[in-house]
Amino acid sequence: MATRDIYETGFDEDVRTESSANQCPECDGRVTTNAVETVCEDCGLVIDEQRIDHGPEWRAYDDEECERTGAPLTAARHDRGLSTEIGRGTDAKGNEISGQKRRRLARMRREQTRGRWRSKAERNLAHGLGEVRRLASALDLSDSVRDQACQLFRSAQNEDLLRGRSIEAIAAASVYGACRCNGLSRLVDDVSEMAHVAESRVTNAYKTLNEELGLPAEPVSPSMFVPRLASDLECPDEIRQRARALAEQAEKRGVTTGVHPAGFAAACLYKACREEGRWLTQSEAADVANASKATVRAHRDTLEEQVA
């Protein structure tokens, strides 16, 4: 985060100002200065460069060099990452501190923890964002998806959608909504299992977020689940490609409307394995898709009737 994005300045550093003290050494023309360089308006001669680096210095080549700033601002924490962390047993250089200093740091840490929350809403926000970060880590989501889920949880709290609902359910729904908006193949079952929340509560919370916040979530197609299920079943590439082709053909013919997407993808993998002469049971395909064997059989029959 650049310094100018955090602290307000009293003047515009990009505005070009005339410098009456000096004249152009070439043509004696008018000289102007901005935040980048000093140039002559008449002949275009660059007299001086005074580029100001507003960004932080992240790199440190040895232990003696200190960074000028701390960690960048992040939406994954309630205070944007500007909180203070008090150490425990060592100082900044890793040396052990005395018992008297440890006791003093313990008292300071206790008082800092007590005064960390300005309101109950901020405490709930910190708890919810911590749950979002835990779920994103458990589901192996990227930092960008995690930040989107944290921002979605913030929006839900600002719209007063947490009233009457648990923080864990809204956090799980935020993670699922971020996955849906980014086209990731995640089921409600996967998120609710990691969140230790009932699937019905996560589904109701997601419906509320979708209706109140207007999430740009696209419908989930079975072809999105084929690579993931094929990886779980350790299927070879030819079977994965054949199953993907079957799913795409079924989507074009409109036979996947209203079906369980993961169950239909499991049926495509089952049919592709049977065509290649490889042994894959309906139970194995149903387990990885979190569906029933009857669902896999029904979708297999649909594929045999509608898709060549």
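Colleague: Why is Arg 180 called buried in this structure?

Modeller: In this predicted model, Arg 180 has a relative accessible area of 16%, and since buried means under 20%, the residue is classed as buried. Arg 180 is found in helix 5, and, leaving aside its neighbours within four places in sequence, Arg 180 is in contact with Tyr 206, Ala 217, Glu 218, Pro 219 and Val 220.

Colleague: What makes helix 3 oblique to helix 5?

Modeller: The axes of helix 3 (residues 120–138) and helix 5 (residues 167–181) cross at roughly 45° and come within 9 Å. Angles under 35 degrees would count as roughly parallel and those from 65 to 115 as roughly perpendicular, so a crossing at roughly 45° makes helix 3 oblique to helix 5. The crossing in which helix 3 passes helix 5 is right-handed.

Colleague: Which residues make the contact between helix 3 and helix 5?

Modeller: Helix 3 contributes Asn 124, His 127, Gly 128, Glu 131, Val 132 and Leu 135, while helix 5 contributes Ile 167, Glu 168, Ala 171, Ala 172 and Val 175.

Colleague: Why is Arg 163 called exposed, and why is Asp 160 called partly exposed?

Modeller: Arg 163 has a relative accessible area of 63%, and because exposed means over 50%, Arg 163 is exposed; Asp 160, at 44%, is partly exposed, since that term covers values between 20% and 50%. The side chains of Asp 160 and Arg 163 meet in a salt bridge, at 3.3 Å from N to O.

Colleague: What makes Lys 271 count as buried?

Modeller: Its relative accessibility is 13%, and the cut-off for buried is under 20%, so Lys 271 counts as buried. The side chain of Lys 271 meets that of Glu 275 in a salt bridge of 3.4 Å, N to O, and Glu 275 is partly exposed, with a relative accessible area of 40%. Both lie in helix 10 (residues 261–275), 4 residues apart.

Methods:
Residues numbered from 1 in each chain as written. Predicted model: local features only at pLDDT ≥ 70, side-chain atom pairs only at ≥ 80, totals over all residues. Heavy atoms only, no water. Axes fitted to C-alpha atoms, helices over the stretch in contact; angles between N-to-C directions. Helix = DSSP H or I, 4+ residues; strand = E, 2+ residues; numbered from the N terminus. Parallel < 35°, antiparallel > 145°, perpendicular 65-115°, else oblique. Left-handed = near helix turned anticlockwise from the far one by under 90°. Contact = heavy atoms within 4.5 Å. Buried < 20%, exposed > 50% of the residue type's maximum accessible area, 1.4 Å probe, protein only. Salt bridge = Lys/Arg side-chain N within 4 Å of Asp/Glu carboxyl O.
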